[in-house]
Amino acid sequence: MNEREGKVKEFLASSTYHQLSANQQKHAQEILTRFTHHMVEEQHLADTAWTPQAVKEVMVGDFIAEPTLTNQFGIAVAPVLKAYLAFIQAPNYQELSQAIDDQRVNMNACRKAHQTWAQLHGQPTAQAPQQPAARPWPQEQLAAFIKRAKDAAALEPEFQSQLLDGASRQYLVGQFIRLMAQEFHQYPGNWAFNDLQQVLGMMMPLDPAITPKQIENIVPTAQALFDYLKRTGQIDLEQYRTGLKSIAKMQPSQDMLASLTRSERETQLMLSFIRSNGINTDDVQTAEKWMDDHRAEVAGFMRTLLNPWSEYEHQQLLKRQRRLARQQAVSTAAPAPRRAPRGVKFSKKARRKKRRK
């Protein structure tokens, strides 16, 4: 192992690495291995000697020219590079970080251009990552499993130390299993790390029916379920470890989400997505510019999170439309004609007529 590979390995074991999002962690090793290799081969620079111009050139060179690189890889590049530079304490970190941000759009444009060229010439391109094939469960099998899991949530010892009542534990367990099957077509033994994080950490807190106390207890309920399924032999050790890893650092964010209204949770999750791409959301102008440049990505992310609650969102939209229509009707309605009080004559002519009589 050379010095360059050793530094990457140290980074992958660091707390800095573990602060990255699941997608960034997934691609970090490949990003850093490719980037440091191309920086040495093309620019003859070790990582402590990178310059802003060299970084910009490598970002749009052979590093990103592989047609099989996915959109998720492209999204992860900037935050991973900046985290690595912070970890090695690059002396010109601010300048390099700015160069990475400046070149991000051009880099992804180059990646897409290489994919388009490959498609035109019949070469393989990036494919959406596939979870190992799992035969879909019949509805009856899924319903029976959910019932057994909910019964366990009420009675089995793994769940008894929680601060939730049995009905709330059953609700969380049922929603979790249903969402994994409904949104990702995954069943016990086939649950994937990223999708577990998305369901437990993002989708479930947006459930219109969930209570703040239930949000605070999503993590301990999930752990109790994983413990129960492992003890009873319904999942293997690998699936058990994946489940525990997916919730390992989730509790602080759940506590924060529980303190917010539902609309505030939506906003917070969107901001978290923006921050996961290396954007400082405290800098309003920078954040708004990034959102303008990545509207499709932000919208796609939020659509995914809100998809289970689409009927609720539709009903809320109808309510807003009806309320707006009523407001507009009131503001545009013609004022009612004023009528003089009965028996009162205002014209002088009418008063003179009355006196002559």
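Residues are numbered from 1 along each chain as its sequence is written. In this predicted model, local features need pLDDT of at least 70, side-chain atom pairs count only at pLDDT 80 or more, and totals for chains, interfaces and linings use all residues.

**Exercise 1.** State how many helices and strands the protein chain has, and what share of its residues is buried.

Solution. Start with DSSP runs: helices are H or I, at least four residues, and strands are E, at least two, numbered from the N terminus. The protein chain has 18 helices and zero strands. Next, apply the burial cut-off: under 20% relative accessible area, with a 1.4 Å probe and protein chains only. Of 357 residues, 41% count as buried.

**Exercise 2.** Find which helix gives the most to the lining of the second largest pocket.

Solution. List the lining: Q98, D101, D102, R104, V105, I279, T286, K289, W290, D293 and H294. Then assign helices. α6 (93-120) and α15 (284-293) each supply at least two residues. α6 gives the most, with five.

Definitions and conventions: Side-chain values use heavy atoms; hydrogens and water are left out. On a 1 Å grid over the protein atoms alone, a cavity is a set of points where a 1.4 Å probe fits but cannot get out, and a pocket is an open set with protein on both sides within 12 Å along at least five of seven lines; lining residues have an atom within 4 Å of a point. Buried means under 20% relative accessible area, exposed over 50%, partly exposed in between (1.4 Å probe, protein chains only).
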